[in-house]
Structure formats: C-alpha cells, structure tokens
Amino acid sequence: MRLIACEEAWSIPEVAAELKNVARSPSQSLDKLLVKGIYDAEADTAGYGKMDFLSGLLDVEERRLPEMDRCGVAMHLLTLTAPGVQMFDADTATDLAALANDRMAEICAKYPTRFAGLGSFAPHSPKRAAKEIERVMGELGLNGLVVNGHTHGDYLDDYRFWPILEAAEATGATLYIHPRAPSDTLKGPLQDYAMDSAMWGYGVEVGTMMLRMMAGGVFDRFPKLTICVGHMGEMVPFFIWRINFMNSRAQKVGRAPKTQRSMEEYFRDNFVFTTSGVEDPLALRYAIDRMGIDNVIWAIDYPYQPMEPAVAFIESFACTEAERHALCHGNAERVFHIAPE
Ligand code: 1WB
Ligand code: MN
C-alpha cells in the first residue's frame, strides 16, 4: 500500500537562524519556550528542556529518505515547521516564506515520487501572501498551503485575512492549519506542566481557530475552501455534537451570527484532518465513523514523532481495504493534488 504521510515537518537554515533571533528577543510568546529549546543551543531552558529536533528538520537526504525506505513510507508531504514565519516582522516573513517555498519546490522536483510540499506565506501581509499563494500553486507547483495558528494574536476569521482565503479557494489549495502555542491572550493557565505545546495547548489553539472560522461565517463567504488540520482533528470531532447544538442555540439568542449551514456541516464539508501524533486506534475508528472516511488522512508528524510506530499503527489498524486505501493515500492524492501511482 502506498503510504503518503501528510504532516511532515521540515525547515531551512535561514528560517532556523531567524528563530534563534526570536529565542534571544524580549518576546513573551509561549512559542519562545519551544523556539529556545530547538533553535538556540546556548539558551537557558531550565524547566523546559533542550529538544534535539533541528537536525531532523533540516535534513532530507541523509536520514529522512533512508528512514522512509526502511519503514516503507512512499512520500512525505513537507511543511515548513511551526511557528513558520509568523513570529517575524512582515517583510522578513514574506521573504523567508518565498525562500522556503523555492527550496521546497527544488526538493519536490528532484524527488517527485518521494516529496510533495505545502507552501508558506506571511499572513501579516495578506496582499503579498495572496500573490505568493498564486506562485506556490502556479509556477512552483506545490500541493497546498500551511499556516501555523494565530499571527500576532489574530485568527483567520478576521476580514483582514480574506485575500489569503480568497486566493486559497481560487487556486484550489487546501490550507493546512498546523498548531503553534496559544496566543498571548489565550495562554494564561497553559504555561505550566508542559501544557503549552503538543500535549494540550496546540489543540486548544487550533480548535479555537477552527471554531472562530466556522461560527464566524468564513465558509459562507468561501464555500469551496478546504481546511486541513492535524492531530485527529484537534479534538473537534469528539465535541462536534455539542459544538453544533450550542452554536445553534447561540444563533437563536443572537450571541453568534446566523450562518447558512450548521457547524457540523461546515466541519464535514470544509475540513479534512490527519492522524498526526495520535496513534490511537479507537480514536481513529471513531473519527472515521463519525466524520466519514473521505475526511481522514494518515500522517506521522516526523521528526516530532518517530516514523516506525506511526507506520505500524496504520498498518495494523482494523479497517476495510477501501478504508485503508483512502487513509494511506487516496484522500491525500485528492486533497493535495498528488498524482496517483
Ligand atoms: C512538537 C510537535 C513540537 C510539533 C513542535 O514544534 C511541533 C513536540 C514546532 O512534539 O514537541 C507538531 O508539529 O506536532
Ligand atoms: Mn506537526
């Protein structure tokens, strides 16, 4: 079975160097803990810890490809890893997104059956972002887009980001919303016990973004927009009944705007999600039965998650052949414009 892994983190030295500057800046962002741990070898990370991910992020040929071969992974859909360019000023972010997109396109051109990629853009410069999106989906021939949570505290339901959503919809680019740590206004009680990142904070951050977009009517304005999220849907599939019920109540009493479709319909029609970092067969079975097999895609989350257990998880998952086909590559090919074999 062709295995296409759809949330595979990668970076370039220029972005890593700029993140090292962020690590040494006065920023109070919750992301800074992680940025210090990964990008600044000399940083004092007492109470947080160093994390040895950088070499894996910067590498394609030396370790990643051989490990893909060893584990039977046909393809990685690469993403410039979180927080991407979103902590930089708008000009630096715009330039570094373009540079990363160029490098990514080179890798995909060199290994067309092994790597596909999602392009980056600077959300804080929406008009230039829209131009870059056209380049990503046109000239560069990449497979979609990625954004990492909020940008300086702003979420994608804000009308200032409409040029970006418009360009994504017009070019047929699926927009992957990958997590970063919760924004300054959301972070309060998430700062302790390692709750800032993958254990909990990331899901709170992206789940909040998803609900703001659904309840804010984004998909009435951009009905053909497809959003992908990771981590088994960032908890939303497990809460969709209550989200749906309570949003409908909120609409009746005027606490939320009237929308053309229900929250459940938006989630079903405008979202797909991957299994990244959630290797739990009960959660996957529920997600498929609840949201439909067309909406669920396999991913590893390399190098944050090791490849081998993620492959063992999907290969041992009890499902029909049609479901396995959809999970392992069929849905990825459809959603990310990857040529079938
Ligand atoms: C981790 C996971 C760190 C992800 C990340 O930093 C990202 C982690 C950007 O496991 O610590 C991720 O992509 O899920
Ligand atoms: Mn990830």
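## Where two helices meet

In α4, the residues R64, E67, M68, R70 and C71 meet M307, E308 and V311 of α14. The residues of this contact split into 4 nonpolar and 4 charged, with no polar ones. The model is a predicted one.

## How the helices cross

Two packed helices are described by the angle between their axes and the distance between the axes. Here, helix α4 covers residues 64-71 and helix α14 covers residues 307-316. Their axes come within 10 Å and cross at roughly 30 degrees. Angles under 35 degrees count as roughly parallel, so α4 is roughly parallel to α14. The crossing of α4 and α14 is right-handed.

## The manganese site

Which protein residues are donors of the manganese ion (ligand 2)? They are E7 (OE), H178 (NE2) and D301 (OD). These donors lie 1.9 to 2.2 Å from the ion. Along the chain, the donors of the manganese ion follow the spacing E-x170-H-x122-D.

H178 and D301 link distant parts of the chain, 123 residues apart. H178 sits in strand β5 (residues 175-178). D301 sits in the loop between β8 (296-297) and α14.

## Buried or exposed?

Are H178 and D301 buried or exposed? The cut-off for buried is under 20% relative accessible area. H178 has 9% relative accessibility, so H178 counts as buried. D301 has 7% relative accessibility, so D301 counts as buried too.

Note on methods
Residues are numbered from 1 along each chain as its sequence is written. Chains are lettered from A and ligands numbered from 1 in the order in which they are written. This is a predicted model: local features need pLDDT of at least 70, side-chain atom pairs count only at pLDDT 80 or more; totals for chains, interfaces and linings use all residues. Side-chain values use heavy atoms; hydrogens and water are left out. Axes are lines fitted to C-alpha atoms, for helices over the stretch in contact, and angles run from 0 to 180 degrees between N-to-C directions. Helices (H or I, at least four residues) and strands (E, at least two) are DSSP runs, numbered from the N terminus. Angles under 35 degrees count as roughly parallel, over 145 as roughly antiparallel, 65 to 115 as roughly perpendicular and the rest as oblique. A crossing is left-handed if the near helix is turned anticlockwise from the far one by less than a right angle, and right-handed if clockwise. Contact means heavy atoms within 4.5 Å. Ala, Val, Leu, Ile, Met, Phe, Trp, Tyr, Cys and Pro count as nonpolar, Asp, Glu, Lys and Arg as charged, and the others, Gly among them, as polar. Donors are N, O and S atoms within 2.8 Å of the metal (3.2 Å for Na, K and Ca); water is not among the atoms, so sites may look incomplete. Buried means under 20% relative accessible area, exposed over 50%, partly exposed in between (1.4 Å probe, protein chains only).
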